[in-house]
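Me: I am new to this structure and would like to go through it with you. Could we begin with the ligand?

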Amino acid sequence: MRVIIIGAGIGGTSAGIALQRLGHDVRIYDQIRENRPVGAALSLWPNGVKVLNWLGLRDEVAALGGRMDTMAYADGLTGDSMCRFSLDPVTAQTGQRSYPVARADLQALLMDAVGPDRIRLGMRMVAVDQTEDEVTVTFENGETATADLVIGADGARSATRDYVLGRPTERTYSGYTNFNGLVPADTRIGPVDQWTTYVADGKRVSVMPVAGDRFYFFCDVPQPSGLAYDRADGVAPLRAAFAGWAPGVQTLLDAIDPDVSLNRVEIWDVDPFHTWTRGRVALLGDSAHNTAPDIGQGACSALEDSFVLGLVFATTSLGVTDSLRRYERARTERAADLVLRARKRAEETHGFDPETTAAWYEGLRRETGENVIRGIVGNIADSPVTIGGLLT
Ligand SMILES: Cc1cc2nc3c(=O)[nH]c(=O)nc-3n(C[C@H](O)[C@H](O)[C@H](O)COP(=O)(O)OP(=O)(O)OC[C@H]3O[C@@H](n4cnc5c(N)ncnc54)[C@H](O)[C@@H]3O)c2cc1C
């Protein structure tokens with residue numbers, strides 16, 4: 001089967017590997033000119049890691065993963081501990097460690113696994129058209145390509161989604177801006193094997209260990225969308241947002257080199273929708289379920305898509321359109337659940353309703369780990385990789 005994938009992100013490349021492993025002829029096109037992922041790193045929870053294991057990348061992804069043994073919350077203003085607990089129960093219950101990974105490393109691994117000769121960069125898809133027998137995509141440079149199946153893994157602003165739904169999609173602002181990057185690991189910010197989060201006033205500063213003795217940091221600042229930001233401002237917006245915060249936070253801000261690693265992303269999501277396919281064209285990843293990062297499941301969900309897509313094409317034989325409909329049926333409800341969970345958590349933690357966020361802080365002060373672990377495992381329990389929870 002000839003497969004075209006639009007988008008060489010985590011979704012597109014993982015789908016490419018899944019279909020290649022079944023012997024299909026996969027070509028991936030992306031508009032980018034070089035591999036420079038937006039965002040410094042991300043957490044791969046066991047559901048996402050399990051898909052990568054299934055794709056044959058077990059050792060490689062383990063080598064990229066930071067060692068994250070414990071999790072802790074601290075009061076952002078004083079630095080006083082609110083709670084600290086082991087993440088071992090997540091591993092024990094799910095059968096797989098979680099890995100924070102630098103995005104550029106993961107992206108390079110996935111692109112390499114697909115095979116660089118299968119990926120063409122600098123190719124912006126502008127149109128899709130299909131007959132009963134095949135699909136043709138047109139690129140901005142006038143070139144066309146034809147296949148039996150097109151996967152639109154073209155991210156949050158997907159043009160394929162417009163084609164599948166027959167209309168443009170509204171995105172919803174989540175109410176905050178996320179700043180993220182990589183810094184050298186430093187115990188003055190938090191232990192090097194710990195996911196440490198400072199919270200106060202609806203804001204958050206968090207560090208997670210990734211390979212290479214580095215911390216992935218992310219800072220959430222509730223603010224309106226569309227504020228002017230000049231890259232030359234560097235760390236200044238963070239210094240303003242976190243003035244007077246605890247010493248560990250100031251150490252982090254001092255360590256950020258904006259020329260090396262600092263990204264600013266407004267967080268938006270898309271209301272869940274349940275039409276992911278049109279004939280021989282299907283959506284996958286953020287194009288299908290653009291999610292706020294508050295439960296760290298967007299990329300994991302894209303990996304789940306690739307798992308199901310691979311499974312469907314490995315096990316059914318009634319043709320492309322039928323297989324895609326089965327993929328859609330298996331995925332939309334689960335992906336929607338994660339989008340809504342993330343949205344709820346974004347609302348709870350960012351002070352949009354100060355009483356709700358204050359209650360969350362109070363809960364953290366009493367937290368033994370049990371509730372947080374239940375939440376993390378709860379995000380994973382319904383994953384398709386768990387076979388109905390049997391392998392959670
Ligand atoms: C701040 C932040 C933190 C996050 N943290 C986590 C986390 O901890 N854990 C987690 O699991 N997820 C996390 N996510 C979510 C995760 O980043 C996304 O879900 C994931 O990267 C989506 O991958 P994708 O391949 O679907 O889309 P993308 O990575 O957006 O890739 C889409 C690709 O399509 C290309 N493209 C778009 N339009 C066209 C076109 N017309 N023609 C050709 N190419 C096109 C783009 O250039 C791009 O390369 C986070 C997201 C954000 C914003």
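Reply: One term is needed at the outset: a polar contact is a pair of N or O atoms within 3.5 Å. Please note also that this is a predicted model.

Me: How far is the backbone N or O atom of cysteine 300 from an oxygen atom of the ligand?

Reply: That distance is 3.0 Å. Aspartate 286 has a polar side-chain atom 2.7 Å from an oxygen atom of the ligand, and a polar backbone atom of methionine 125 lies 2.8 Å from a ligand nitrogen atom.

Me: And how much of the ligand's accessible area does the protein cover?

Reply: On its own the ligand has 1000 Å² of accessible area, of which the protein covers 85%. Two or more residues of the shell come from each of helix H1 (10-20), strand S3 (41-44) and helix H9 (298-315).

Me: Which residues around the ligand come nearest?

Reply: Of the 27 residues around the ligand, these are Gly11, Asp30, Ser43, Arg103 and Asp286. By class, the shell comprises 10 nonpolar, 12 polar and 5 charged residues.

Me: Changing topic: in what order do the 7 strands of the open sheet come?

Reply: The order is S5-S4-S13-S14-S15-S12-S16, with mixed pairing. Strands S5 (81-86) and S16 (263-269) each have a single partner strand, so one side of each has no neighbour in the sheet. Neighbouring strands are turned by 20° against each other on average, direction ignored.

Me: How many bridges join S12 to S15?

Reply: There are 9 bridges between strand S12 (residues 172-184) and strand S15 (residues 214-222), and the two run antiparallel. In one of these pairings, glycine 181 has phenylalanine 217 in S15 as its bridge partner.

Note on methods
Residues are numbered from 1 along each chain as its sequence is written. This is a predicted model: local features need pLDDT of at least 70, side-chain atom pairs count only at pLDDT 80 or more; totals for chains, interfaces and linings use all residues. Side-chain values use heavy atoms; hydrogens and water are left out. Two strands pair if DSSP finds at least two bridges between them. Helices (H or I, at least four residues) and strands (E, at least two) are DSSP runs, numbered from the N terminus. Axes are lines fitted to C-alpha atoms, for helices over the stretch in contact, and angles run from 0 to 180 degrees between N-to-C directions. A residue is near a molecule or strand if one of its heavy atoms lies within 4 Å of it. A polar contact is a pair of N or O atoms within 3.5 Å; within protein, one must be able to donate a hydrogen and the other to accept it, and residues adjacent in sequence count only if both atoms are side-chain atoms. Accessible areas come from the Shrake-Rupley method with a 1.4 Å probe; for residues, only the protein chains shown count as cover. Ala, Val, Leu, Ile, Met, Phe, Trp, Tyr, Cys and Pro count as nonpolar, Asp, Glu, Lys and Arg as charged, and the others, Gly among them, as polar.
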